[in-house]
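Subject: Handing over the structure

Dear colleague,

I am passing this structure on to you, with the sequence and the coordinates placed just below. Please look through it first, and then read the notes that follow.

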Amino acid sequence: MFDIVGDDISQLSDADLRKLVARLCIADLICKGLPASAVTAGGHQDAPDGGLDVRVEFTSDAPSPDFIPRSSTGFQVKVPDMPPAAIRKEMRPKGALRPVIQELADEAGAYIIVSSSGSTADKALRDRRKAMKDAIADMASSENLHVDFYDRERLAHWVNLHPGIVSWVRKKIGKPLKGWQPYGNWSAPTEPEDSEYLTDLHCRLRDSRFPREGSLTIEVGIQRIREVLSQPSAAVRLIGLSGLGKTRLVQALFDERIGKEALNPARVIYTDMSDGPTPSPQDVIRELIQTRNRAIVIVDNCLPETHRSLAKACRNPAGMVSILTIEYDVGEDIPENTEVFRLEPASDEVIEKLIAHREPHISQVNRRRITQFSSGNARVALVLARTVKHGDTVSNLSDRELFTRLFHQGRTEDAQLLLVAEICSLVYSFDSETISGENAELPLLAELADMSADSLYRRAAELKARDLLQQRGQWRAILPHALANKLARQALEYIRPERVTSLLLEKAPARLIKSFSRRLGYLHDSEIAKKIVDDWLRPEGILADINKLSPLGMDMLRNVAPVSPEATLSVLERGLNSGNSAIVNDLHYTHRYNVALLAKSLAYGEELFDRSAFLLALLANAEPENRKHNSTRDIFSGLFQIYLSGTHARATQRIAFIYTLLSGNNQHFSECGLLALDIMLKTGRFSSSTTFEFGARPRNFGWQPATREEVQNWYSSALNYIGVLLKNDSPFSDRLCLMLASNFRGLWTRADICEVLEEVVEKIAARQPWIEGWISVRTTIRFDAEAMNDPLLERLRALEERLNPPDLPHQVRAYALSRQWDALDLADSEGNDSDNPSVQYKRTEEKTKNLGRAVAQDEGVLSTLLPELLSHEDSGRLWWFGFGLAEGTNDPVKLWKTLRESLSTVAENRRNVQTLRGFLSQAGKASPACTARLLDEAVSDPVLGPWLPILQSSVEIDERGVDRLLTSINIGLSPIWRFGQLALGRMTDPIPLDKLSSLLTIIL
């Protein structure tokens, strides 16, 4: 399907052949990162003055594309075949060499003759090249000129490198792929391909990968999309309401006049799914992947499920295809919120420019009134503008008068047509082709309009002709939604609600019921719509019990929630507070995650925040902390971010809610409160996996600070509350200290509340030594000292001194029990080695060993620390501490027994033997015989025996060690999986092969 042959090339006209060569040159230059402006084309095919048809000139040191051999290359393009005699005549008319050929030779360039009729075999090609060389034999600098002949087969090969040009050729010769187009003016086919794309400085494009950035200018957004699509296998989704100019924006991605690094138009092919493309986009992508052609496929009006399948196909590692799909909002699905770009309404400035460009006769005053009415929707503005004739004025018309004008578009007013538009607008979309059976939708709408299905179908076709109804396959929808919502409100004003619900709720198929509920969700400003929804949500209503709702019922509830948020919240409360709700208790319940998303949407306003957040806490309570898929804990915690929270509750209200959670006796609610407080201290990497849309209600990302003072107030509020809890000896004090330590660096460097932070740190330090805080302060110094001013750095160093572990037990906890990756922060910087990680690690290990030596001499400290040392979850530097114990003791046997007795007091599932391993490692070096006896005794010991393979791996495994391992297997105290330790670090190298074979045979 993407394969052009020589016979196809021969069907091109003179003009199209020249355009083809020019397009190919431009495509090759862009592929090499060279400017398209390096190509010039013009002149008639048979012009007698000998001018080149296409000329390419670019910087001589730039890489030459394959079919453009020199930086200065001229193409003479001919439809007729060019045998040697014709070549000589072409190059030397009347015996004189064309001056342009001499110019190319002087520039060390290339001269190429292209013929679309010739199909030359090897000998014929050599003859033509020889004729070209003979023609320049007497020319000065002839050896500097590269000459070549491209026949139709070679030209076809060149075309096949560029799928977009393949599509262009097929279109020109009358063999287009149905529904597929090359680069062109896809959004307005009657407009020239090079029409100017109108931009301004207003921000109206959102990149969902970076939601905190808010809206981007069109030029910045275009650059972002270009960056993604420039990579093979990339997938982009562009969404937005109908009529905003999504397709025109995609055209601009290939327009070199806008921004930098425009995408190559020769690589793009476009289709609109409403045109029923054949072959399908899936087949096109498979073909492009097989041929390994670099291509960008644009699919307009693309359903989410189609997008997913196309994106999956593009991820084929063998392919070079990128995909961009455009969301057409007729579908019942809610657009995905993952790595998509969303186009928002155009600014008044752009709409006025567009009207002036398309309808130049309209005065500025009229343009302004049309722009005001269209609310940023280009389609509405253009349809309305087309109704304004020379001398007309619309500046003094009311919105209703403009609406009537938009609807009738200068034609005879038709009450039945308006009625059909209103009835069809009551649903988000409808099936116009199924007219019988249980899934028929058109007859129900016709009954609501008191007309036959055929009459409604004819009038729907008229609406489509007026650009007020759009089609995708069998589906139809009144668009744009601003118009549809207005029509639906009008329909509800004169049709009894009971009749509407009787036909669209009680008799309609499930899809149409869902479609009706979705339209209602956009009519929050309609009292009649609110009455219908409130009736559904009352205690006896059809949506009253969320624990019994079908998938359709849950979709309806989510759709209509924007119409009556408080009534929706009451439904959730009745269902989730019952104590035995399956939605709360069953983590696999179908609707659980969607209920959480709905509760978060209801928390947007301050008035419903507490009630909504409490429901999210209920759901989060029942969920394990490590749950990642569809986590309601993540939705709950997102409410407490300073950015992207989705709520306008202020910091004081959120802290008051946290206080409520922490004040009760419910451990699970307390965990939610601590989680929320931790999120309030977060200073970076904000994101949200949830959508912020809620019907037609205007929404943003929630409250977020607009000034430095508001940032300070947010974090100060959270820190002051923590200070109060610490002062009152809260049962959560230890957790709060860990929380503050994990957030310390961001708070110190980003929140601009160092004084408040110092006060809280002082409260903690007065309470007890704060090791985690000390390490966090040192981490901040290590990473951020260079960026701080001197006074601030001195304050930070003072904190580090204040928190320095004051005694031997706390120093051991700091070095032996801290995380492995804290080693660089624990090391004391000295001289030029402060930036050498390996030196720093060794320094920390040596410090840990020294502490072990000291503890070995202090039985009191040892007895205090052993329960922690032998049960700590993280191994940290326990090995080196045990190493130091062995070095510092005068009686290794006695100390070993002490370690063994202390280990016996630790619960089996919490035991950690790293300290014992370090002890054995050093003891084995100092006294091998003594260590061997200790290990012999450990084999059958009920406390140490289960750990024998791991303990044995602490020293070299000699023949006696192998015997120990074999005995341990026979005794069976140690689980067999612990023998896997022997596979690490070449531990088995000293074991003789026969012994190792016997050991492995038993283990395996």
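Ser 141 sits in the loop that runs between helix H5 (122-135) and strand S5 (146-150), where helices (H or I, at least four residues) and strands (E, at least two) are DSSP runs numbered from the N terminus. Although Ser 141 is not a glycine, it has a positive phi of about 60°. With a relative accessibility of 29%, Ser 141 counts as partly exposed, a class that lies between buried (under 20% relative accessible area) and exposed (over 50%), with a 1.4 Å probe and protein chains only.

Before going further, please note that this is a predicted model, in which local features need pLDDT of at least 70 and side-chain atom pairs count only at pLDDT 80 or more, while totals for chains, interfaces and linings use all residues. Residues are numbered from 1 along each chain as its sequence is written, and side-chain values use heavy atoms, with hydrogens and water left out.

Most residues other than glycine have a negative phi, and most peptide bonds are trans. Arg 685, likewise not a glycine, has a positive phi of about 55°; it is found in the loop between helix H30 (667-680) and helix H31 (708-727), and at 82% relative accessibility it counts as exposed. The peptide bond that leads from Thr 278 to Pro 279 is cis, with omega near 5°, and Pro 279 belongs to the loop between strand S10 (268-272) and helix H10 (281-291).

Turning to the strands, an open sheet is formed by eight of them, in the order S6-S10-S11-S12-S9-S13-S7-S8 and with mixed pairing, where two strands pair if DSSP finds at least two bridges between them. Strand S6 (180-181) and strand S8 (215-217) stand at the edges with a single partner strand each, so one side of each is left without a neighbour in the sheet. Within this sheet, strand S7 (residues 203-207) and strand S13 (residues 340-343) run antiparallel and are joined by three bridges, and Leu 205 has Leu 343 in S13 as its bridge partner.

Strand S16 (residues 475-478) is joined by two bridges to strand S14 (residues 430-431), the two running antiparallel, and Phe 430 has Arg 476 in S16 as its bridge partner. Strand S15 (residues 469-472) also pairs with S16 in the antiparallel sense, over four bridges, with Arg 472 standing opposite Trp 475 in S16. S15 and S16 form a hairpin with two residues between them, and Gly 473 in the turn has a positive phi of about 60°.

Next come the charged side chains. How many salt bridges are there, by the rule used here? The count comes to 61 salt bridges, each being a side-chain nitrogen of Lys or Arg within 4 Å of a carboxyl oxygen of Asp or Glu.

One of them joins the side chains of Asp 734 and Arg 767, at 3.3 Å from N to O. Asp 734 lies in helix H32 (residues 733-750) and Arg 767 in helix H33 (residues 754-767), so this pair ties together parts that are 33 residues apart in sequence. Asp 734 is partly exposed, with a relative accessible area of 47%, and Arg 767 is partly exposed as well, at 31%.

Another salt bridge is that of Asp 825 with Arg 782, at 2.6 Å from N to O. It links distant parts of the chain, 43 residues apart, with Asp 825 in helix H37 (residues 823-826) and Arg 782 in helix H34 (residues 771-784). Is Asp 825 buried or exposed? Asp 825 is buried, with a relative accessible area of 5%, whereas Arg 782 is partly exposed at 37%.

A salt bridge also forms between Asp 936 and Arg 960, whose closest N and O atoms are 2.2 Å apart. Asp 936 lies in helix H43 (residues 928-938) and Arg 960 in helix H45, 24 residues apart. Asp 936 is partly exposed at 29% relative accessibility, and Arg 960 is partly exposed at 41%.

With kind regards
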